[in-house]
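Morning, everyone. Have a look at it first.

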Amino acid sequence: MSRAAAIEQHAARWIMLREEAGWTAIDQAGLEAWLEESLAHKAAFWRLEHGWREADRIAALGKKSVPASIPAFLTWPRRRAFWIPAAAAAALVVALVGSGIQMYRPHNPLPAPIQRYATAIGDRKLVPLVDGSKVELNTASIVRTAVTKERRDVWLDRGEAYFEIAHLSGKPFVVHAGSRTVTVLGTKFSVRRDGDKVTVSVVEGRVRVEDAVEPDAVPAAIITAGDVAVARGPSTLLAAKSEERVMSELAWRGGMLNFDRTSLSDAVNEFNRYNVKKIVVGDAETGMIRIGGTFQASNVDAFVRLLHDAYGIHVEPHADGVKISS
């Protein structure tokens, strides 16, 4: 399957989820995050959405004949009793390609029941799953879970999550994060999404990281305890084995941030993930300063005070944050 076709499928799933009565602000935020990842996502979603609106218009006009380019099932009134979202997710979906409309079955339809969980900026949440696994959400994160005795899937729509997976023989646990899928049987690891960048850090066991769109075309990466994989586009970089680095990546679970010769710009970006009160770096020279240490993620004031004391950095408070400069 081509990457374009896979994106159309993903857009179709979002369209169908939005038709459910339980659509929430959390779901809307997840959709918006997916749309912002690339122009291809927006184009696919808008094309498919147009097809649904056109079908609604035709149905509202009561026309008995419809253009051949629009499949008949799209003209069903969506509020009729037989419109069941779970059934629709397993049925044919639509992909608008060029000037025509093609129908195909989803490569990976969303199973039911689907649960949705989210955290606000600065919050964390522990989510126990029915299979005995646990998911811990970091700041400003959104996940959807579909976990039963037969299938175990989680979609990380935004942010970061730490997973402790219960071992079930023959029942892999799959995390879908943007263009990557992470597959395990039983282990501990974290997954973080920053736009089209996906970072996987393994604490225990072994995980398989592969391309979600073309798994046969791009070799899967097998990573074990102490490994960190960073994926962007078709490329996956494996960092040197280091348990200390993995634990540093997971310092957020204790409400802390660890930096080791990190540029101040990158450190500020991390702090801003956890706080409504934002730090603004006033100039490029300040942003290039290298810092190290352990800091409380939620305490912006303490962090900037240390910057002032250690580096003589000027701190200028504002109503909604603070500006730092040399």
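Let me start with a definition: two rings of Phe, Tyr or Trp pair if their centres lie within 6.5 Å. Keep in mind that this is a predicted model. By that rule, the structure holds 7 aromatic pairs.

Take Phe259 and Phe271. Their ring centres are 6.3 Å apart, and the planes meet at 45°. Under 30 degrees would be stacked, and over 60 would be edge-to-face. So this pair is tilted. It links distant parts of the chain: Phe259 belongs to strand S16, Phe271 to helix H6, and they are 12 residues apart.

Are these two buried or exposed? Phe259 has a relative accessible area of 9%, so it is buried. Phe271 is buried too, at 0%.

Phe271 has another partner, Phe303. That pair is stacked, with 4.1 Å centre to centre and 20° between the planes. Phe303 is buried, like Phe271.

Now charges over rings. Arg253 puts its charged end over the ring of Tyr162, 3.8 Å from the centre. Arg144 does this over Trp14, at 4.7 Å from the ring centre.

Last, a hairpin. Strands S19, residues 314-318, and S20, residues 321-325, pair in the antiparallel sense over 5 bridges. What joins S19 to S20? A hairpin, through 2 residues. Within the pairing, Val315 stands opposite Ile324.

Notes:
Residues are numbered from 1 along each chain as its sequence is written. This is a predicted model: local features need pLDDT of at least 70, side-chain atom pairs count only at pLDDT 80 or more; totals for chains, interfaces and linings use all residues. Side-chain values use heavy atoms; hydrogens and water are left out. Two strands pair if DSSP finds at least two bridges between them. Helices (H or I, at least four residues) and strands (E, at least two) are DSSP runs, numbered from the N terminus. Rings of Phe, Tyr and Trp (its six-membered ring) pair if their centres lie within 6.5 Å; planes under 30 degrees apart count as stacked, over 60 as edge-to-face and the rest as tilted. Buried means under 20% relative accessible area, exposed over 50%, partly exposed in between (1.4 Å probe, protein chains only). A charge sits over a ring if NZ of Lys or CZ of Arg is within 6 Å of the ring centre and within 35 degrees of the ring normal.
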